[in-house]
Structures are given as structure tokens and as C-alpha cells.
Amino acid sequence: MLPSDLLVARVRKGFILPIFSSFNAIEVHIAKRFIEIFANSIGAKREELEKKVKNLEDLAFKLGLDYRFARGLAHLLYRRTSFSKPQVSVDPLKARLEVFKEASGKLGGFALDDEERAKVFASVASKLGVSVEELLKSFTAVYEELQIMESFETLSPVELLKLYNLSLAQTLLFKALDLTAEVEISGTKMKILLFNVKRLGLMYLAEKTFKGVKLYIDGPASIIKQTERYGTRLAKLLPYIICARRWSIKAKVRRRGRIYKFHLDDRYSRFFPRSKLELEEYDSKLEKIFYRRFTTLGSGWKVYREQEPLIAGKHVFIPDFVFEKNGVKVYFEIMGFWTREYLERKLEKLRKLGNVKMILAVNSELACSSDIGSLPFEVVLFKNKLSTVEVYKKLKKFKVEKREKPAEELEIPKEALEYLETLEKGLLAEILEKFEKMGIREEKALKILEKLGFHIHWSSLDPSKVYVEKKG
């Protein structure tokens with residue numbers, strides 16, 4: 001994604017479309033020159049790199065390219081570059097603090113002349129046990145332009161231009177009110193795509209289609225808080241949509257106070273880099289903390305993240321968690337980002353789940369604004385922190401049949417089998433003594449006798465008079 005001031009787009013008849021690179025000779029040449037500048041600047045100061053970048057931006061403009069195009073390429077390459085501060089003998093922050101402390105006592109805070117400034121540095125250098133030159137180097141190490149370029153992740157000119165095109169689309173969608181995506185995709189890949197939508201914390205509804213899935217996603221511009229964070233999440237999803245063989249995107253985008261339509265489909269696939277459909281890392285700290293706390297609660301319930309999707313009418317629904325105990329499953333959904341319209345659509349979808357056992361965790365600030373109480377599910381209200389104890393209390397309301405612990409398979413040692421094969425009748429005390437020599441305890445010995453069809457005649461309380469006889 002690019003800064004919004006670097007977005008290059010054209011507007012026509014209510015539609016907006018980024019002006020993508022078409023990989024013409026001039027664009028490829030400029031991209032190649034930028035990559036060479038970065039690749040050849042390893043070990044140089046940042047200010048030297050920035051000077052070369054500025055010169056190339058000027059050249060691109062003279063060749064008829066939009067200045068935002070050149071700056072956009074440079075922006076993407078800076079993100080693939082790492083810088084380090086110069087090696088110094090004194091921590092830069094400590095050096096500056098000591099110098100300013102020393103200078104503040106001179107002339108009551110008036111500006112120092114060169115001679116007084118030299119005295120300040122000499123005094124501080126002596127105090128810190130370093131030379132004046134070393135102190136000066138530490139003092140200026142905080143300046144970004146003096147950072148040293150350490151590494152650069154290179155790529156080809158066409159790859160850079162494709163990355164630029166993707167970043168343009170992502171930047172435009174950062175101001176989206178909503179987005180609808182239709183993707184033709186296999187069942188396995190559809191699950192990964194839906195899991196990614198879920199993991200990114202996007203407000204979505206999903207419909208299963210004959211050849212894939214249709215997604216309805218609320219955009220960043222539709223919510224009041226955390227717009228930037230949400231926009232970044234939506235930007236992460238875009239490569240997973242366009243990696244499909246067939247896809248289309250429709251969105252409403254707010255730009256400079258007006259709302260435009262934005263359409264894009266697989267005819268543009270060649271303009272973008274190919275992405276691999278892989279599972280995203282979780283972006284929700286709330287879910288991570290809840291999962292960790294619940295697994296240590298000792299509730300007797302197992303908790304799983306993202307089991308098989310549920311079908312609610314024609315919609316596909318993926319709960320955040322599934323609790324399971326003795327074959328009973330209870331689904332758990334945490335309401336995250338929301339708008340009133342999105343929440344109403346989601347509640348309508350949840351009502352279609354029928355007899356599914358479910359617990360909803362709902363932010364108390366939004367619970368008052370919608371008809372949460374009408375849902376046939378257990379509801380846990382929370383504000384900032386989601387209580388695992390409150391969720392467990394709701395779980396206890398679900399009837400779970402107790403399962404008897406399955407009997408352990410009784411293993412009979414070969415030596416014991418051989419001994420009992422020849423036994424018709426004998427004293428229990430002698431048999432137990434024999435078993436003990438085989439390493440078989442009394443309790444197990446009695447179980448073996450019972451399993452092999454022996455009857456114990458408890459004719460006396462004296463163990464030496466109790467005898468064992470094989471059943472006829």
C-alpha cells in the first residue's frame with residue numbers, strides 16, 4: 001500500500017480506476033534504474049541514496065511520467081531496505097543528553113558561539129572518557145540521513161511495476177465503503193480464503209456459489225474507529241482474491257468528499273504479482289488472550305479455533321471457536337469490528353443457523369443498539385476484557401451426558417495363561433502367590449481369573465480356605 005498522496009487514479013462517469021503501469025519501455029527503464037541505485041548503495045549513507053533517488057525522480061518527470069509514479073516506486077523499494085545507525089562508542093541519546101546538560105549551564109541558556117560549543121564538547125568528551133571526534137559521531141548518529149544502508153531485497157523491474165499496481169489498488173480500497181468479491185475457487189482454497197477473511201478481523205458475509213464463493217465486506221470508510229488498522233487488513237486480503245483464476249471486485253470508494261464505483265476483474269491479473277494462498281496469522285489480540293486463558297481454565301471443555309464452516313441458508317459462517325465435550329459442540333463467536341448495518345445482517349444470518357448450540361460475546365457498547373436478546377443463543381457481554389469465567393458459566397448451561405470411562409483392555413501374560421490352562425481347582429492363596437511371582441498384583445489376578453472363567457468360592461473368611469474352580 002502507498003501513502004494516499006501517491007495514489008494515481010482517473011475518474012470517469014462516476015467510476016474510479018487506478019492508473020496502472022502498462023510495463024512500457026520508459027516505465028521499465030525507470031524501474032530498472034531505481035533498483036540499480038538501491039542495489040549499489042549498500043554500505044552508503046542514507047542521505048547519499050536519497051540524493052540519487054531525487055535525481056531519478058526528476059528524470060522520470062522530464063520523461064513524461066507522473067511524479068507520484070516515481071515516488072511510489074521509491075517508496076516500495078525503501079520498504080525492502082534496511083538501515084543501521086553508525087557504530088559509535090557512546091549511546092547517541094546519552095551523548096546528546098550530556099551535551100545539552102553541559103550547554104544549559106553556559107550563558108544562562110543563550111546560544112553558544114563556536115568557541116564555547118567546542119569547550120562544551122571537550123568537557124563532555126573528557127567526562128565520558130572518549131575523544132571529541134567520537135563524541136561528535138555519537139551526537140550526530142540520531143540523524144536519519146546518516147544511517148548506513150545495510151541490505152536490500154532486490155527484484156526485477158517488471159516485478160516492481162506489478163507490486164506498484166497492486167499497491168495502487170490497495171491504496172484505493174483503503175477508502176472503500178464496501179467491497180464485493182466473486183471468486184471461482186476450489187473447496188479447499190475457499191476454506192483458506194474464508195479463514196483469512198476471518199483471521200484479518202474483517203466484517204464480512206459469505207455466500208457459497210456454484211463455482212466458489214461470493215464475499216460481502218464492509219470497507220474501512222464505513223467504520224468510525226481504527227480506520228487505518230482496518231484498511232491495512234483489507235489491503236492484506238486483496239492478493240488472496242486476485243490469485244484465483246477467475247475473480248471480480250466491486251466497491252464503493254470515498255475520495256475527496258465524493259463516492260465513486262470501482263470495478264476490477266481477472267482481465268487485470270497480468271498487471272499484478274502472483275500470490276500464494278496461505279493462512280494469515282491472527283490479528284486479534286482479544287482472541288489470542290481468550291484462547292490462552294481458556295485452555296488453562298481446567299473447564300473440561302476442549303477449545304478449537306476455526307473448525308469446519310457452518311452453512312446458514314446460502315451463507316457460509318465460520319465461528320471463532322468451537323468448544324467440545326463428550327461429543328457436544330458449542331460454537332463461540334466474538335463480535336469485533338462492526339457497524340449497525342453489518343451487525344443487523346450478521347444477526348439475520350445467525351438466526352438461520354437453527355438448532356446450533358452457540359455463545360455470542362458482544363461488546364456491551366453495541367449490545368444496546370441491536371436486538372441481541374431475540375437470538376436463540378447464549379450471550380456474554382463485555383467491554384474491554386472478555387471473561388473466560390463468564391463464558392464457562394454459559395457453557396455449563398448446555399446438557400452434556402457423562403460418559404463412562406471405557407474399561408482398560410486386560411492383558412494376560414503368556415506365563416499366566418500357561419499356568420491356568422492346566423488348573424482345574426486350587427486354593428486362592430496359592431494361586432495369588434504364584435501370580436505374585438509372575439509380577440501380577442492381587443487385583444489384576446482376580447480379574448484374570450474372572451475373565452478366564454474361574455469361580456471363586458468364598459466359603460470362609462480365611463483366605464487359606466478359599467478355593468478357585470474352573471466353571472464347567
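Which residues in helix 2 meet which residues in helix 3? Select R46, L49, E50, V53, E57, A60 and F61 in helix 2, then Y67, A70, R71, A74 and Y78 in helix 3; these are the residues that meet. By class, this contact divides into eight nonpolar, no polar and four charged residues. Keep in mind throughout that the model is predicted.

Two packed helices are described by the angle between their axes and the distance between the axes. The crossing of helix 2 past helix 3 is right-handed.

Now turn to the aromatic rings. The whole structure holds 18 aromatic pairs. Select Y268 and F271, a tilted pair with 5.7 Å from centre to centre and 45° between the planes. Y268 counts as partly exposed because its relative accessibility is 22%, whereas F271, with a relative accessible area of 11%, is buried.

Move on to F294 and F323, another tilted pair, with centres 4.8 Å apart and 45° between the planes. F294 lies in helix 10 (residues 285-295) and F323 in strand 13 (residues 321-325), so the pair links distant parts of the chain, 29 residues apart. Both F294 and F323 are buried.

Last, select F20, F23, W247, Y268, F271 and F272 together: ring pairs link these residues into a cluster.

Definitions and conventions: Residues are numbered from 1 along each chain as its sequence is written. This is a predicted model: local features need pLDDT of at least 70, side-chain atom pairs count only at pLDDT 80 or more; totals for chains, interfaces and linings use all residues. Side-chain values use heavy atoms; hydrogens and water are left out. A crossing is left-handed if the near helix is turned anticlockwise from the far one by less than a right angle, and right-handed if clockwise. Helices (H or I, at least four residues) and strands (E, at least two) are DSSP runs, numbered from the N terminus. Contact means heavy atoms within 4.5 Å. Ala, Val, Leu, Ile, Met, Phe, Trp, Tyr, Cys and Pro count as nonpolar, Asp, Glu, Lys and Arg as charged, and the others, Gly among them, as polar. Rings of Phe, Tyr and Trp (its six-membered ring) pair if their centres lie within 6.5 Å; planes under 30 degrees apart count as stacked, over 60 as edge-to-face and the rest as tilted. Buried means under 20% relative accessible area, exposed over 50%, partly exposed in between (1.4 Å probe, protein chains only).
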